[in-house]
Amino acid sequence: MSIMRKIIYNMGYFFAESKKIIQSNLMSNVLTVISIGLIFFIFSMVITGLKISNRMMEIIQKDAEIQIHYDDKMSDDKVEELLERIKGLDGVLDTWIVDEEEAYRRMEDVLGKEADILKLFDENPFSPFIEAKIDLAYMDSVFNKLEHLEGVQYIRDNREILERIKNISGILGILGSLIAAAVAVSTFITVSHIIRQGIYNNREQINTLRLLGAPEPFIGFPFMLEGLILTLAGGLLTAILTVFSINGFYSLVATPLPFIPLPPREHLIEFMILVITCLSAILGIGGSLFGISSARKS
Amino acid sequence: MIEAIGVGLTYPDGTTALKGIDLQIASGEVVYITGPSGSGKTSLLKLLMGMEYPTEGSLKVLGQAIAEGQESGIRKLRQVIGPVFQEFKLIRGRTAMENVMLGLRFLDFTPGKAKQRAYEALVKVGLEHKAFSPVENLSWGQCQRVAIARAIARKPVLILADEPTGNLDRENAINILNLLTEAKEKETTVLITTHATHFIEGKKNSMLIRMYRGNICCERLG
């Protein structure tokens, strides 16, 4: 009979044994679930932050458009000439003029419900400008050349924001790696310790099974399941906390500040649940096997 | 079945339990091992179970060498042995049925077949009415019967019973010995240790091994 079939045949027994092992040390196991849940939650928050900052960078990079503001007193011919000269620069992909009305409409979109504030102005406060889509690789050289063009007053770009988000993303990336390592090590230690404790408490039963000729994987399987159940329960706790946190964050940020490019909430929640489940399963199985192996050696 | 040549066993503390034992036991034999406490009966069974390794000579059980480095083979050998331990080694918190099934779960049985075999074994030892009682609710004698049921349910090639008559009165002791020898399959070899020789008076077609200070003396009964 294949090992797989034996495992399937005995699945009910393995689950019943795992339940008994967990119940025999209930308080320790409950505390383990809570601590694993909280450790995973820290990790989950960092990953959520990383995911949001990456999305913001992606959007901002995709939207590599700069605004070139020129002297209001310039004639239309001069503006047209300036537009053509800008279009001719290396790295400039496209150019167009944004008139006052379009500038006003864009601000209305950005402000959303708060757009009424614009009605306080008697006249349209916005000036026309030239917008240019540029290749990010040429950004510095395009800037140098634009600054020396006649009629250009100032240039608005998103480089500073992009750099800041890059920095935040970099920090979150490093922090994420460190926290991932800490989560892995601490979960491994916690799970392997609780498994060793379970093995110690059930040493007589294990000894009997060995004397009856039970294979080691058969003896160890309920303990591996115990570790998996504990980390999955911890993961479930994390998933609940994460969903609450993401919903809370979106209601605080997304509605009042709609111009911040956040990833879709449902996608982010689905992604985080997947990450937490995989992490729980991998660390649960890994930690249990480590605990079983170290208990066998000692 | 069992072949021992010059087998000796000395424990790490220097105690010599067995000395130069030469022994041949054929398939289907019923063997009684007697001797006073400390004569080496349990040590001999421990060797046959692969719980200890000979420090001298060579020992083979069902063709499997009992020696260091043979752990995998010894594990497989244990799967065809039906052990009845002196202290039973039943799992507390589990029913009699669960304890009997424990010895079958990792063998080649479907859950239904394992359950059927376990129940049949409990019927053989007269404990079917206690099948679903937790073992801690059973008496000493009933626990002993559960341990025997666990051993015979596997239909083993070799039954090793360590002092199954210990702490029992004469009538129950004889019943247990009869149970072990009658419940077995025809080809099953049975080795039973007992310190009380009067329990095996009148036994026929069997072998008696008398042990004294780690030495053995074999004779045929009946």
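## Cavities and the A–B interface in a predicted model

Two cavities of 30 Å³ or more are present in the structure, where a cavity is a set of points, on a 1 Å grid over the protein atoms alone, at which a 1.4 Å probe fits but cannot get out, and lining residues have an atom within 4 Å of a point. The model is predicted, so that local features need pLDDT of at least 70 and side-chain atom pairs count only at pLDDT 80 or more, while totals for chains, interfaces and linings use all residues. Residues are numbered from 1 along each chain as its sequence is written, chains are lettered from A in the order in which they are written, and side-chain values use heavy atoms, with hydrogens and water left out.

The volumes in the table are the space filled by probe spheres set on the grid points, which are joined across faces, edges and corners. Classes count Ala, Val, Leu, Ile, Met, Phe, Trp, Tyr, Cys and Pro as nonpolar, Asp, Glu, Lys and Arg as charged, and the others, Gly among them, as polar.

| Cavity | Volume | Lining by class |
|---|---|---|
| Largest cavity | about 60 Å³ | six nonpolar, two polar, one charged residues |
| Second largest cavity | about 30 Å³ | two nonpolar, six polar, one charged residues |

The lining of the largest cavity includes Tyr9(A) and Asn10(A) together with Arg105(B) and Phe109(B). The second largest cavity has Ile21(A), Asn201(A) and Glu226(A) among its lining residues, and α7(A) gives the largest share of that lining, four residues. Both α2 (11–24) and α7 (159–201) of chain A supply at least two residues each, helices being DSSP runs of H or I with at least four residues, numbered from the N terminus.

Between the chains, 23 residues of chain B are in contact with 19 residues of chain A, contact meaning heavy atoms within 4.5 Å. Chain B and chain A bury about 2000 Å² between them, 60% of it on carbon and sulfur atoms; buried area is the accessible area (1.4 Å probe) that two parts lose on being put together, summed over both. Arg75(B), Arg105(B) and Phe106(B) supply 33% of the area that chain B buries against chain A, more than any other three residues.

Three salt bridges are counted between chain B and chain A, each a side-chain nitrogen of Lys or Arg within 4 Å of a carboxyl oxygen of Asp or Glu. Asp108(B) and Lys6(A) meet through their side chains in a salt bridge, at 3.3 Å from N to O. On the side of chain B that touches chain A, α2 (71–78) and α3 (96–102) of chain B are the elements that give two or more residues, and the residues of that side divide into 10 nonpolar, four polar and nine charged.

Note on methods
On a 1 Å grid over the protein atoms alone, a cavity is a set of points where a 1.4 Å probe fits but cannot get out, and a pocket is an open set with protein on both sides within 12 Å along at least five of seven lines; lining residues have an atom within 4 Å of a point.
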